[in-house]
Amino acid sequence: MSETAVLAMAYGTPAEPEQLEAYYTHIRRGRPPTPELLAELRRRYEAIGGHSPLLELTRAQVAGIERALAEAGRPDIRVALGMKHAAPFIEDAVAELAGGGVRRIVGLVLAPHYSRMSVGEYTERAQAAAAGRAAVSVVPSWHLAPGYLDFLSTALEDELRALPAEADERAHVLFTAHSLPKRILDEDDPYPAQLRETAAAVAACTGLERWSVAWQSAGRTPEPWIGPDVLEAMSELAASGATAVVVCPAGFVADHLEVLYDLDIEAASRARELGIAFARTASPNTDPRLLDALAGVVLDRLAREAVTA
Ligand code: FEC
């Protein structure tokens with residue numbers, strides 16, 4: 001095995017419904033959910049068929065990035081999966097890589113935008129797990145990677161083209177990412193600005209005029225979360241004359257609960273109540289444009305480190 005490897009880091013999902021409580025407790029940093037919160041989360045998983053496809057999709061993305069690296073001339077680089085809230089955890093993957101002789105780990109989070117509360121936490125965990133055993137350098141963000149922007153642009157054009165002609169006239173595109181507690185704004189966190197940069201780049205590629213950014217899937221906690229929430233934004237758009245909303249969940253790279261429930265069920269139902277057309281852009285999942293882009297991001301990181309070493 002090469003001394004260099006990639007640690008692909010992703011959110012994680014319960015592999016079995018029996019693991020839901022442990023998963024939710026982990027997300028809540030060890031605080032078990034109330035029976036009501038757990039039942040509500042179980043209801044959302046049941047509504048999408050009882051199971052999120054996230055684990056299978058994440059594994060397929062990891063295999064695809066490894067393949068793309070091999071095709072780009074680095075068949076020696078292994079890509080291991082480490083997850084934030086489910087096994088195999090980030091710490092398990094780091095231990096396996098270090099135990100196998102890896103001394104240099106490039107961390108790649110399967111989420112495009114940097115926040116201290118997302119990529120920052122993945123980074124801290126990977127670096128703590130590797131301390132004294134391997135050097136870890138994590139790609140902070142890749143929200144303007146050309147293959148990712150290209151995927152989003154064509155996915156958006158497909159949905160806009162498929163809208164009924166009368167709805168298309170005053171269609172509005174909402175680019176979304178997972179909301180985070182508002183306190184990140186006091187710390188100059190780049191997360192909101194990076195989502196706006198992704199959105200502006202896709203809007204420029206597609207010649208889009210009516211678009212804005214909204215936030216989705218805010219946690220069920222008492223503190224304020226970044227807004228506008230996607231559901232509120234849809235109500236405001238309908239009130240100001242929009243006939244259709246197309247949601248582009250640019251903050252996610254795969255189909256999972258927050259896309260399949262929060263958008264395809266909850267937001268679609270809100271659109272029906274508001275009397276407007278609704279569409280959601282396809283997720284990149286295993287599209288080669290995403291996988292090649294991510295392999296490119298890793299190779300850039302390695303090249304930059306070779307220059308500065
Ligand atoms: O399909 C699945 O099974 C998992 C889908 C899933 C993804 C995801 C991505 C992100 N989250 C982020 C932040 C937070 C914060 C909290 C939080 C809570 C939840 C809950 C579930 C959940 N998240 Fe998530 N997230 C996914 C699923 N997330 C389930 C718990 C129930 C709920 O509140 O809805 C609040 C924690 C707390 O209570 O203290 C904060 C961010 C991302 C995108 C970046 C990434 O992928 O890492 C940020 C996928």
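The legends below describe close-up views of a predicted model. Residues are numbered from 1 along each chain as its sequence is written, and side-chain values rest on heavy atoms, with hydrogens and water left out. Because the model is predicted, local features need pLDDT of at least 70 and side-chain atom pairs count only at pLDDT 80 or more, whereas totals for chains, interfaces and linings use all residues.

**View 1. The shell of residues around the ligand.** Of the 26 residues around the ligand, Tyr11, Thr13, Tyr45, Ser52 and Tyr122 come nearest, where a residue is near a molecule if one of its heavy atoms lies within 4 Å of it. By class, the shell holds 13 nonpolar, 8 polar and 5 charged residues; Ala, Val, Leu, Ile, Met, Phe, Trp, Tyr, Cys and Pro count as nonpolar, Asp, Glu, Lys and Arg as charged, and the others, Gly among them, as polar. At least two shell residues come from each of helix H1 (20-27), helix H2 (35-47) and helix H10 (257-260), helices (H or I, at least four residues) and strands (E, at least two) being DSSP runs numbered from the N terminus.

View 2. Tyr11, through its OH at 2.3 Å, is the only protein donor of the iron atom of the ligand; donors are N, O and S atoms within 2.8 Å of the metal (3.2 Å for Na, K and Ca), and water is not among the atoms, so sites may look incomplete. Tyr11 itself belongs to the loop between strand E1 (4-10) and H1. Among the polar contacts (pairs of N or O atoms within 3.5 Å), a polar side-chain atom of Tyr45 lies 2.5 Å from an oxygen atom of the ligand, and one of Arg220 lies 3.1 Å from an oxygen atom of the ligand. For His178, an N or O atom of the side chain is 3.2 Å from a nitrogen atom of the ligand.

**View 3. The open sheet E2-E1-E3-E4.** In this sheet, 4 strands pair in parallel in the order E2-E1-E3-E4, two strands being paired if DSSP finds at least two bridges between them. E2 and strand E4 (135-138) stand at the edges with a single partner strand each, so one side of each is left without a neighbour in the sheet. From one strand to the next the twist averages 30 degrees, with angles running from 0 to 180 degrees between N-to-C directions of lines fitted to C-alpha atoms, for helices over the stretch in contact. E1 and E2 run parallel and are joined by 6 bridges, and Val6 stands opposite Val79 in E2. Helix H3 (residues 54-71) packs on the sheet, touching E1, E2 and strand E3 (104-109), and its direction makes about 155 degrees with that of E2; contact here means heavy atoms within 4.5 Å.

**View 4. The open sheet E6-E5-E7-E8.** Here 4 strands follow the order E6-E5-E7-E8 with parallel pairing, and the edge strands, strand E6 (211-216) and strand E8 (277-280), each pair on one side only. The twist averages 25 degrees from one strand to the next. Strand E5 (residues 171-178) is joined to E6 by 6 bridges, with Leu174 opposite Ser212 in E6. Helix H9 (residues 230-239) lies across E5, E6, strand E7 (244-248) and E8, running at about 165 degrees to E5.

View 5. Ala87 and Pro88 are joined by a cis peptide bond with omega of about -5 degrees, and Pro88 is found in the loop between strand E2 (78-83) and helix H4 (90-99). Another cis peptide bond joins Gly227 and Pro228, with omega of about 5 degrees, Pro228 lying in the loop between E6 and H9.

Conventions
Polar contact = N/O pair within 3.5 Å; in protein donor to acceptor, adjacent residues only side chain to side chain.
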